[in-house]
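Okay, thanks everyone for coming. I'd like to walk you through one structure today, a few spots at a time.

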Amino acid sequence: METMWFVLVAFMLTAYTVLDGFDLGAGAIHLLVAKTDDERRLLLRSIGPVWDGNEVWLLAAGGTLYFAFPPLYASSFSGFYLPLMMVLWLLMLRAVGIELRSHIDHAMWRAFYDFVFSAASLLLAIFFGAAIGNVVRGVPLTSEGYFFEPLWTTFTVTAQSGILDWYTVLIGVLALVTLATHGANFVALKTAGEINCRASRLAAIGAGLLVALTVLSLVATVWIRPQVLDNYRAHAWGLLIPALVAASLAGMQVFRRTGREVAAFLSSTAYIVGMLGGAAFALYPTLLPASTDAALSLTIYNSKAGDYGLAVGIVWWSIGIALALGYFVYLYRSFAGKVTLDEGGGYGH
């Protein structure tokens, strides 16, 4: 049962990264691909009907984590208190940037909120990546299952390192480039004209950078935590995951050059699924490694809720996820096709 909930948590986090990832990426590249007010309105309209719904998956993932593995939830939210507060503020600022830019018809007002939206999206991508880096690297857990990390110390990877060090910053940069490329693929898919061309060029650059960053992050991860290869050695089928990552990197390059926008977007989606799936597979059954002593790590066995609660919870989770998936399928089918400024209402008006 605990393995099933581990998979469900990984699924929810991956769903959030894929869905909210493209509108975070669109925000990160907002000022690069949209040069005029009309283009910025068009970019906002490309994510307008879905961006706030996509963020619900983050709450759903947090709720699933809290229900299934409460000690992990308690430990993480206390140990990562400062960055979590920063993430909360960035989420609010990003929403403010989208919602308020059109409230006053003045160029300086719109430019200010365009900057807020873009900067908050960019920083969120980096922070989420650094969070993943902390989970893979490990945190200084005590025997009580809690930890504290300053924002940074010496930027070196040690047993008592800060939230930001050279490794977590590297993963943060990887996350930023990943989501920016994913967002560029989405903007190219949903728009036409100059903004489409700029997004396509940026997606091509990002796909190239991802090849180098993926290799570099893999080498760095194996160097600081060699144990991540154990599950791959024990289960040969796990090699399908790096094969998916390699195929998705190639797909982003090939499909972008041939103008197959849907396939390019699906390739960046597959890349995110492969990278997060690979991390989950490598860590299993560990949820949060301890950098101080491996015996103190939080696992699916010492962090799970009661068996009866998990069994009942899977029933209600299944009903809830079926409703959510049905709604999202309807939403995205209704939102299919290119967006234009001729449509009435919507964001960016």
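Before the first residue, a word on names: helices here are DSSP runs of H or I with at least four residues, numbered from the N terminus. And please keep in mind that this is a predicted model.

So, let's start with a serine. Ser267 sits in helix α12. Is Ser267 buried or exposed? Its relative accessible area is 8%, and the cut-off for buried is under 20%, so Ser267 counts as buried. Who does Ser267 touch, once we skip the neighbours within four places in sequence? The contacts are Ser248, Gly251, Met252 and Phe255. Take Gly251 from that group: 16 residues separate Gly251 from Ser267 along the chain, and their C-alpha atoms are 5.6 Å apart.

Staying with α12 for a moment, let's talk about a pocket. The second largest pocket has a volume of about 420 Å³. There are 18 residues in its lining, and those nearest the centre are Leu19, Phe265, Leu266, Thr269 and Tyr332. Which elements give two or more residues to that lining? They are α1 (2-28), α8 (166-190) and α12 (261-283). The largest share is from α1, with six residues. If you sort the lining of this second largest pocket by class, you get 14 nonpolar residues, three polar and one charged.

Helix α3 covers residues 37-47, and nine of its 11 residues are buried, so α3 is largely enclosed by the rest of the structure. The buried ones are Glu39, Arg40, Arg41, Leu42, Leu43, Leu44, Arg45, Ser46 and Ile47.

Now, how do we describe a helix pair? For two packed helices, you give the angle between their axes and the distance between the axes. For α3 and α8, the angle is about 100° and the axes are 10 Å apart. That puts α3 roughly perpendicular to α8, because 65 to 115 degrees is the range for that word. On the α3 side the residues are Leu43, Ser46 and Ile47, and they meet Phe186, Val187 and Lys190 of α8. By class, this contact has four nonpolar residues, one polar and one charged.

Here's another pair, α4 (residues 51-68) and α6 (residues 81-100). Their packing angle is about 170°, with 12 Å between the axes. Anything over 145 degrees counts as roughly antiparallel, so that is how α4 runs relative to α6. Trp51, Glu55 and Leu58 in α4 meet Leu91, Arg94, Ala95, Ile98 and Glu99 in α6. The class count for this contact is five nonpolar, no polar and three charged residues.

Last stop, the backbone, with two loop residues. Where is Pro285? Pro285 is in the loop between α12 and β1 (286-288). The peptide bond into Pro285 from Tyr284 is cis, with omega near 5°. The other loop residue is Phe155, between α7 (107-137) and α8. Phe155 has a positive phi, near 65°, in a residue that isn't glycine.

Terms used:
Residues are numbered from 1 along each chain as its sequence is written. This is a predicted model: local features need pLDDT of at least 70, side-chain atom pairs count only at pLDDT 80 or more; totals for chains, interfaces and linings use all residues. Side-chain values use heavy atoms; hydrogens and water are left out. Axes are lines fitted to C-alpha atoms, for helices over the stretch in contact, and angles run from 0 to 180 degrees between N-to-C directions. Angles under 35 degrees count as roughly parallel, over 145 as roughly antiparallel, 65 to 115 as roughly perpendicular and the rest as oblique. Contact means heavy atoms within 4.5 Å. Ala, Val, Leu, Ile, Met, Phe, Trp, Tyr, Cys and Pro count as nonpolar, Asp, Glu, Lys and Arg as charged, and the others, Gly among them, as polar. On a 1 Å grid over the protein atoms alone, a cavity is a set of points where a 1.4 Å probe fits but cannot get out, and a pocket is an open set with protein on both sides within 12 Å along at least five of seven lines; lining residues have an atom within 4 Å of a point. Grid points are joined across faces, edges and corners, and a volume is the space filled by probe spheres set on the points. Buried means under 20% relative accessible area, exposed over 50%, partly exposed in between (1.4 Å probe, protein chains only).
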